[in-house]
Amino acid sequence: MTPALIDSVETIKLWKPADLQESEDLAEEIKDCAMKLVKKREEKVVSREADNFGNDFLGLLEKVNSLLAWTILHLAVHGDWQEKARREVVDISKLKTMTMIINETLRLYGPANGLMRRVRREIRIRKLVLAASIDLLVATAALHHDPRQWGDDVHLFKPERFAGVANATKYNGGAFFPFGFGPRACIVMNFATAETKIDLSMILQRYTITLSPAYVPSPVSAITIQPQHGIQIIL
């Protein structure tokens, strides 16, 4: 190939129509704006300027991202459950194993350490009297790690606990509520679990997940419980 022809080919490869270049520039600008919104919201939460990520679509995605990260961590460590979930994704309408895995992940690494509630009127719980208008912290992390409820293996990842939620909680509705309960339950619950199932199904159909040997788990609480340095995995 002559030098002149090489120059011509290189020119053709590098040239883009004006409308295509404009489209790519707009796409990059939109991406930058979205990332700035995400970063700004995360900074407000970390600095305690805001107490949550919000209930709009962006806030919901923030919560889903944390759940997905912790679930992938457990699947990377527990290859047997990863294989069970992978075999199941061919029938995405059921995903019973995936549901068990997600519930056990939520028990070990729930979206929040606790829920704040205000007492509307004075109430007595056995020997404890709660005055009206006081703020009450419901320590979900403590309840989800209580060996009296979950057994001596409470700190182990065992999705088989959730073969049925009623059996897992021994029919105690207050034993497992990662997204809250009653009329104040978080609206993200169904969205988060559905989105996580879809994401995991796509990942497991394409990759085998293993944990990086250099990774050390370091959960931190910033409204939601997050991995401080991300999850380091090998695909």
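Ile123, Ile125 and Leu128 come together as a nonpolar patch on the surface, with about 250 Å² of accessible area between them. This is a predicted model, in which local features need pLDDT of at least 70 and side-chain atom pairs count only at pLDDT 80 or more, while totals for chains, interfaces and linings use all residues. Residues are numbered from 1 along each chain as its sequence is written, and side-chain values use heavy atoms, with hydrogens and water left out.

Patches are made of residues with over 30% relative accessible area and no salt bridge; like charges are joined within 9 Å, and nonpolar side chains (Val, Leu, Ile, Met, Phe, Trp, Tyr) within 5 Å. Accessible areas come from the Shrake-Rupley method with a 1.4 Å probe, and for residues only the protein chains shown count as cover. Isoleucine 123 sits in strand β2 (residues 123-125). It counts as partly exposed because its relative accessibility is 34%, where buried means under 20% relative accessible area, exposed over 50%, and partly exposed in between (1.4 Å probe, protein chains only).

### The chain as a whole

The chain contains nine helices and eight strands; helices (H or I, at least four residues) and strands (E, at least two) are DSSP runs, numbered from the N terminus. Of its 235 residues, 32% count as buried. Take the contacts (heavy atoms within 4.5 Å) between residues at least 6 apart in sequence: 60% of them join residues at least 24 apart.

### Charges on the surface

There is also a patch of negative charge on the surface, where Asp19, Glu22, Asp25, Glu28, Glu29 and Asp32 gather. Here Lys and Arg count as positive and Asp and Glu as negative, with His and the chain ends not counted. The place of a charge is taken as NZ of Lys, CZ of Arg, CG of Asp or CD of Glu. Aspartate 32 counts as partly exposed because its relative accessibility is 37%.

### Salt bridges

How many salt bridges does the chain have? The count comes to seven, with a salt bridge taken as a side-chain nitrogen of Lys or Arg within 4 Å of a carboxyl oxygen of Asp or Glu. Among them are these pairs:

| Acidic residue | Basic residue | Closest N and O atoms |
| Glutamate 83 | Arginine 86 | 2.5 Å |
| Glutamate 104 | Arginine 107 | 2.8 Å |
| Aspartate 135 | Arginine 118 | 2.9 Å |

Glutamate 83 and arginine 86 are both in helix α4 (residues 79-88), three residues apart, which is about one turn of the helix. Glutamate 83 counts as partly exposed at 33% relative accessibility, whereas arginine 86 counts as buried at 18%.

Arginine 107 and glutamate 104 are separated by about one helical turn because they are three residues apart in helix α5 (residues 96-108). Both arginine 107 and glutamate 104 are buried.

Aspartate 135 and arginine 118 form a salt bridge, and this pair links distant parts of the chain: aspartate 135 is in strand β4 (residues 135-138) and arginine 118 in strand β1 (residues 115-118), 17 residues apart. Aspartate 135 counts as partly exposed at 46% relative accessibility, and arginine 118 as exposed at 55%. Elsewhere, salt bridges that share partners join Glu104, Arg107, Asp153, Lys158 and Arg161 into one network.

### Loops and backbone angles

Arginine 120 lies in the loop between β1 and β2. Its relative accessible area is 81%, so arginine 120 is exposed. Arginine 120 and isoleucine 134 are 14 residues apart in sequence, and their C-alpha atoms are 8.1 Å apart in space.

Which residues other than glycine have a positive phi? Arginine 126 is one of them, with phi near 55°. Tyrosine 171 has a positive phi too, near 60°. For context, most residues other than glycine have a negative phi.

Arginine 126 is placed in the loop between β2 and β3 (128-130), and is exposed, with a relative accessible area of 80%. Tyrosine 171 is found in the loop between α8 (165-168) and α9 (189-206). With a relative accessibility of 68%, tyrosine 171 counts as exposed.
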